[in-house]
Amino acid sequence: MSASTRPTSATQGPTRNVRIKLRTENVSMIFQREGKALPVLEDIDLEVGDGEFVCLLGPSGCGKSTLLSAMAGFLTPTGGKIRIDGEIVRGPDPRRIFVFQERGVFPWLTVEGNIGFGLSKLSRSERAKRVSYYLQMVGLEGFEKSYPHELSGGMKQRVEVARALAVNPDVMFLDEPFGALDSITRLIMRGELLRIWQAERKTILFVTHDIDEAVQLADRVVVMSARPGRIQQIVPIDISHPRDISSPRYLELRDGILGQIGLAHRL
Ligand SMILES: Nc1ncnc2c1ncn2[C@@H]1O[C@H](COP(=O)(O)OP(=O)(O)O)[C@@H](O)[C@H]1O
Ligand SMILES: [Mg+2]
């Protein structure tokens, strides 16, 4: 086992004994704003296992999107390094996919056009096969020819997830992907994403400011402090899926995180 495949500590590394897929080494980010240095991320050390589902949780403005963008190669950290499969991330890579909250699907393409968007290198029949497979996986059969304006918010988000999965990424970065949905649709989409993750075992980095979302989804929750964002605590969620959100262990973990961010017994 090489150094890059071994977790360095029990708290930073994945709970299961798997290969390290992504690692941040002492990552920091300082933005320049109006001539002043704005430190946004400090000393971020994190290891994410292959196939692991990690949630980054923290208050608005703490640097979650900045960290995710840096991991995906859209931003270069001002300090430290980010590695995927042991190699330093130097820019975006088609093997990795980023799902935004607001970006949305392409309104001028049908559902199947959207899902097949990243597949131009495949033959027509291969592309059709892939599109139909993921269309089914996210439960959109029958809507192949529909345009986004004919779909509900939840259905559009399914199209996004299907489009992301169709390119067969090895890492998925999701930045508050369900933030704009109503609470019932959000619950359904969490279940869908978990089902897909269990079937495909992609490595997932999922940003949220919703504690319940994090505890329902993640193998580990990375709790970040307010700006400049640091890792305050990493909480392994040792409950198997499907999770009973009224179980004592669930409530204990959730309350522990609330306590960590100073909100216990205040709600
Ligand atoms: N490109 C940028 N230039 C200057 N400041 C930025 C830039 N991107 C983000 N910021 C600032 O960095 C902080 C963290 O932003 P962000 O990562 O979006 O937080 P979060 O996703 O946790 O809400 C915010 O104060 C934001 O205004
Ligand atoms: Mg954000």
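Predicted model: local features only at pLDDT ≥ 70, side-chain atom pairs only at ≥ 80, totals over all residues.
Me: Why is Glu 192 called buried?
Reply: Buried means under 20% relative accessible area, with exposed over 50% and partly exposed in between (1.4 Å probe, protein chains only). Glu 192 has 18%, so the word buried applies.

Me: What does Glu 192 touch?
Reply: Contact means heavy atoms within 4.5 Å. Not counting residues up to four places away in sequence, Glu 192 touches Met 137, Val 138 and Arg 158. Glu 192 and Arg 158 are 34 residues apart in sequence, and their C-alpha atoms are 8.8 Å apart in space.

Me: How do you know what span to expect for helix 7?
Reply: Helices (H or I, at least four residues) and strands (E, at least two) are DSSP runs, numbered from the N terminus. The expected span is 1.5 Å times one less than the number of residues. Helix 7 (residues 248-260) has 13 residues, and its 18 Å from first C-alpha to last is close to the 18 Å expected.

Me: What makes one face of helix 7 the buried one?
Reply: The buried residues of helix 7 are Tyr 250, Leu 253, Ile 257 and Leu 258. Seen down the helix axis, they fall within an arc of 140°, so they line one face; the arc is that of the directions from the axis to the C-beta atoms. Among the elements covering them are strand 3 (53-57) and helix 6 (211-217).

Me: What makes a group of residues a nonpolar core?
Reply: Such a core is a set of buried Ala, Val, Leu, Ile, Met, Phe, Trp, Tyr and Cys residues joined through side-chain atoms within 4.5 Å. The largest one has 48 residues, and those touching the most other members include Phe 53 and Ile 257. Helix 4 (residues 153-166) gives the most to this core, with seven residues.

Me: Why are strand 6 and strand 10 called edges?
Reply: Two strands pair if DSSP finds at least two bridges between them. The open sheet has the order 6-7-8-3-9-10. Strand 6 (96-99) and strand 10 each have a single partner strand, so one side of each is left without a neighbour in the sheet.

Conventions. Residues numbered from 1 in each chain as written. Chains lettered and ligands numbered in written order. Heavy atoms only, no water.
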